[in-house]
Structure formats: structure tokens, C-alpha cells
There are 2 protein chains.
Amino acid sequence: MQALDEYSAADLPTHERVYRALRDTILDGALAPGEALTLRGIADRLSVSMTPAREAVRRLVAERALEMTASGRILIPSPGPERLEELFTARRLLEPELARRAVRDNNKGLHSQMAAINTAMNRDMEGGDPVGYIRNNTSFHRVLYQAAEAPALLALVESVWLQTAPMMRRVYGRLGTGDLADYHEAALDALAAGDAEALAAAIEADVAQGRDLLRQAHT
Amino acid sequence: MQALDEYSAADLPTHERVYRALRDTILDGALAPGEALTLRGIADRLSVSMTPAREAVRRLVAERALEMTASGRILIPSPGPERLEELFTARRLLEPELARRAVRDNNKGLHSQMAAINTAMNRDMEGGDPVGYIRNNTSFHRVLYQAAEAPALLALVESVWLQTAPMMRRVYGRLGTGDLADYHEAALDALAAGDAEALAAAIEADVAQGRDLLRQAHT
DNA sequence: TTCCGCTTTTTGTGATCACAAATTACGCTG
DNA sequence: CAGCGTAATTTGTGATCACAAAAAGCGGAA
């Protein structure tokens with residue numbers, strides 16, 4: 001779990017700071033599927049009262065980043081194969097569209113920014129840093145889609161990421177095997193060429209590869 | 001605003017009953033874009049304390065069915081043209097997929113159920129009942145997509161509906177003009193024939209028509 | 001009338017508490 | 001040692017309150 005201090009500078013409402021701390025922790029894949037949380041545990045760890053902790057949890061449950069049983073227990077979701085198939089279908093439908101729009105509104109710094117993130121990803125993989133790898137992989141996609149200036153579409157995609165994030169750690173172990181096509185490189189080339197359809201295809205292939213890796217890891 | 005009593009029978013948690021009452025009110029298009037709500041107003045109307053009202057609002061803000069300003073004011077969102085274009089793009093990408101899956105898992109009663117809803121819609125339009133019309137239109141789509149048994153995809157679509165719902169009332173006035181293609185009939189025919197692609201095309205056309213009507217109404 | 005400044009009211013936030021239900025711990029019985 | 005029933009503990013829920021900030025109301029000056 002990540003320190004609350006990272007967000008304390010900006011004088012945000014307490015519930016917002018708790019929300020961001022929890023969300024980032026989930027997005028990093030740092031919490032295992034099925035793991036249980038408690039309101040008092042969250043509140044104590046972040047030195048706040050139960051009220052903002054409850055609001056942050058309620059918000060994450062609404063985004064399906066957390067799950068609540070009928071009795072009120074707070075769990076990290078553990079989506080089964082059917083659910084994962086749905087989530088990757090959503091990514092396959094939405095992300096290529098965002099990629100196309102990003103090319104349309106492309107600005108100069110985007111390519112170098114994404115290239116730098118991709119380099120950091122490869123370093124994380126070689127150095128054995130799963131959290132860093134997952135975080136940079138998310139950033140790679142997010143930076144691209146932010147250029148599309150479509151916040152409503154991006155919000156839908158981010159909600160899907162939150163739901164798949166806890167399972168991503170299992171994929172990490174399968175990455176070093178070597179015979180994986182690098183669709184990030186293909187995406188960077190397409191972006192440099194300003195080829196929207198090639199970029200959309202690379203993104204779709206990248207999503208499909210993630211789905212396949214997860215499908216293998218689940219068995 | 002709708003009575004809380006409609007959900008009081010099932011002994012759900014208070015915050016859940018408040019959430020459903022608010023959500024259904026929004027989904028019916030009964031709240032105008034830009035309209036302000038207060039926690040105490042919601043709590044008093046439903047005879048509960050501020051705490052569950054706050055949790056319900058927080059959840060709806062997370063689903064983007066409500067908006068909160070930096071100072072904490074609760075507003076019904078009033079999406080501009082660009083935002084609406086995004087939301088209808090999301091519907092165009094997601095709903096045809098759900099329609100295809102519904103055909104795959106088609107059960108006998110679905111067609112007659114949708115036909116009945118469609119009849120009720122036409123009655124609402126002739127009778128001048130905008131809330132009933134909007135509610136039945138939502139049901140028409142929801143019943144179809146529920147047959148797809150893809151809850152994660154459906155949740156994404158429902159989030160989009162919540163965001164467009166407040167604007168739908170403006171569309172209603174344009175409906176009586178007569179020269180509108182009835183894609184619901186086309187959808188029913190495709191479903192009866194078990195033609196997944198024809199159904200997906202009808203749904204896409206229906207979504208596109210809604211987008212166009214809203215675009216005209218906005219000027 | 002219009003605009004500015006002050007006062008009053010309204011509003012969201014965060015903390016605390018009592019309570020009931022669920023979970024866990026534990027000791028007894030077989 | 002396993003199964004089970006009871007006690008102790010943990011946990012989410014809903015209500016209430018103090019507080020600070022924002023909004024609304026209001027009166028006077030230009």
C-alpha cells in the first residue's frame with residue numbers, strides 16, 4: 001500500500017486522497033485478487049476517520065475496482081475467465097477508437113514520451129519489477145489516449161483497467177519467455193508515421209495479446 | 001422524484017435504496033441538466049440521514065450520473081456536444097456487440113417481451129408521456145442486452161445511459177414529426193430471424209438516430 | 001436601477017458513537 | 001483428532017454534531 005502523503009500536498013478533500021491512494025495501489029497490481037480490506041484498516045493506515053474511507057471504498061465499488069459481499073465485506077475482485085473475456089472485449093472495442101483519435105490530435109511530444117515509457121517498461125522487465133512494469137504499461141496506453149481528448153471514453157477504459165489490474169501480476173511471469181511480438185514498437189512506428197489505422201491495429205493486437213497471456217495464466 | 005417505498009420491501013441497506021431511487025429518477029430523464037441537488041434535500045425527502053445520502057451521491061458521481069463542483073455542489077450534468085458525441089460513440093461501439101451476443105443466447109420469451117415494450121413506447125409517445133417513453137426505450141435495450149449475459153459490458157453501457165439520460169427529454173419533442181425510421185421494428189425482425197448481424201446493424205442505426213436527434217435538439 | 005459589501009443561511013466534510021450482524025476464536029464433546 | 005455450539009471480537013451501517021466555506025439575501029451608495 002502506498003503512502004497517503006503522495007497526494008497530501010494539493011489540499012484535496014480527505015476522501016479524494018484516500019480514493020487516489022487506494023486506486024493507484026489497485027492499478028499497480030499490488031493487491032491480490034480475493035484479498036480482503038476493512039474500513040478501519042484503511043482509515044488507520046492513512047490516519048483518517050472511517051467516513052472518508054467509506055466514501056472512497058464506495059466509489060471504487062461503483063467503478064468495480066472493489067467488490068462488496070452482501071454482508072459488507074470488501075474484497076479485491078477475482079474475475080473469472082468469462083468476466084475477463086468481457087473486459088478485454090471492451091478494451092478491444094474502445095481502445096482502437098481512442099488510438100485513432102490520438103493520431104488525429106497528435107502533438108509533437110507524444111511519441112518521445114511514449115518511447116521513454118516503453119524503454120522504462122523493458123528495463124522493469126529485465127530488472128524484475130512487476131509493479132513498475134504494470135504501472136508503465138498502463139501509462140503507455142493512458143498517455144496515448146489522453147491525446148485523444150475524449151475524457152468520457154477514457155473514463156470507461158480506465159474503469160476496465162481497474163477491473164483487470166489485480167490479475168495482471170500473474171501475466172508478468174510469462175513475459176520473459178521471449179517469443180512475444182512487441183506491439184508497443186509497432187504502435188510507436190505507426191504513431192511516427194501518422195497512420196491511424198496501423199496504430200489502431202497495433203493497439204488491438206496488444207490488447208489481444210494481453211487477453212491471451214491472461215487466459216494461459218489462468219489455467 | 002420517486003418514492004423510496006418502491007425499494008423498501010426488500011430490506012436493502014439504506015444507502016442502496018437511496019441510490020436506486022436517485023438513479024431511476026435520473027434514468028427517467030426526470031431531472032433537468034444543470035439542476036442542483038443537496039444532501040439534506042435528498043435525505044429529508046427520503047427520510048434518512050445525511051450519511052446514506054452522501055454515499056449514494058458519491059456512487060452516482062463515480063458513475064458520472066451526477067457531477068460535483070470543486071466546492072462540493074451536486075449537479076445534474078449538462079454534457080456539451082463534444083461529450084455527447086463521445087458517449088454515443090461508446091454506445092455505437094458497445095451495444096452492437098451486446099446485441100450479437102443476445103442472439104447467440106436467445107431464449108424464447110425475449111422477442112415477445114421486447115415487442116410488448118415497443119408497443120408501450122408507441123403508446124407513450126401518442127399519449128404524451130415523456131418519462132414513460134424514455135423508461136420504455138431504456139428497457140427495450142436493457143432487456144435485449146441482459147440476454148447477452150455479459151454483466152461487465154452491460155455495466156459500461158448503463159453508465160453511458162446515465163450520462164445521456166438528462167438530455168433525452170429534449171429529444172422527445174422531436175419524435176412526433178413522423179418521418180423517423182423505426183429501427184426497433186427492424187431489430188425485432190432481425191431477432192425473430194436469428195440474424196445477429198442484422199440486429200447489430202439495427203441497433204447501431206438506432207443509436208445513430210438518437211445521436212442525430214440530440215444533435216439537432218442541441219442547437 | 002445596478003453594483004458592491006456585509007450579514008445570514010445553507011451546504012458539504014470529517015469525526016465520533018451506538019448498534020446489529022457477521023466473523024473468528026475457543027473449548028467442549030464425541 | 002474432528003465436529004460443533006457458544007462467547008468474544010471485528011466489521012459495516014446509519015445517525016448526529018461541530019466546523020469552515022460557499023451561496024444567498026439584503027441594504028446602501030453611485
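The model is predicted. Chain A holds 10 helices and three strands, and chain B can be laid on chain A with an RMSD of 0.0 Å.

**Chain A**

- Along the sequence, the elements of chain A run α-α-β-α-α-β-β-α-α-α-α-α-α.
- Chain A has a radius of gyration of 18 Å, close to the 17 Å given by the globule rule for 219 residues, so chain A is as compact as a globular protein of that length.
- Along the principal axes, the C-alpha atoms of chain A fill a box of roughly 50 × 40 × 30 Å.
- Buried residues make up 41% of the 219 residues of chain A.
- Among contacts in chain A with a separation of 6 or more, 72% join residues 24 or more positions apart.

**The two copies**

- The superposition of chain B on chain A takes a turn of 180° and a shift of 0.0 Å along the axis.
- The two copies are thus related as by a two-fold rotation axis.
- Within chain B, Arg59(B) has the C-alpha nearest the axis, at 2.6 Å from it.
- The copies meet through the same surface, because 100% of the interface residues of chain B are also interface residues in chain A.

**The surface near DNA strand C**

- There are 18 residues around DNA strand C, and those that come nearest are Pro13(A), Thr14(A), Ser49(A), Leu39(B) and Gly72(B).
- At least two residues of this surface come from each of α2 (14-27) and α4 (50-62) of chain A, and α3 (39-45) and α4 (50-62) of chain B.
- The element that gives the most is α4(A), with three residues.
- By type, the surface has seven nonpolar, seven polar and four charged residues.

Key:
Residues are numbered from 1 along each chain as its sequence is written. Chains are lettered from A and ligands numbered from 1 in the order in which they are written. This is a predicted model: local features need pLDDT of at least 70, side-chain atom pairs count only at pLDDT 80 or more; totals for chains, interfaces and linings use all residues. A residue is near a molecule or strand if its C-beta atom, placed from the backbone, lies within 6 Å of it. Helices (H or I, at least four residues) and strands (E, at least two) are DSSP runs, numbered from the N terminus. Ala, Val, Leu, Ile, Met, Phe, Trp, Tyr, Cys and Pro count as nonpolar, Asp, Glu, Lys and Arg as charged, and the others, Gly among them, as polar. Copies are superposed by least squares on the C-alpha atoms of residues with pLDDT of at least 70 in both. Two residues are in contact if their C-beta atoms, placed from the backbone, lie within 7 Å. The radius of gyration is taken over C-alpha atoms; the globule rule is 2.2 Å times the number of residues to the power 0.38. A residue is buried if 20 or more other C-beta atoms lie within 10 Å of its own, exposed if 12 or fewer, and partly exposed in between; C-beta atoms are placed from the backbone.
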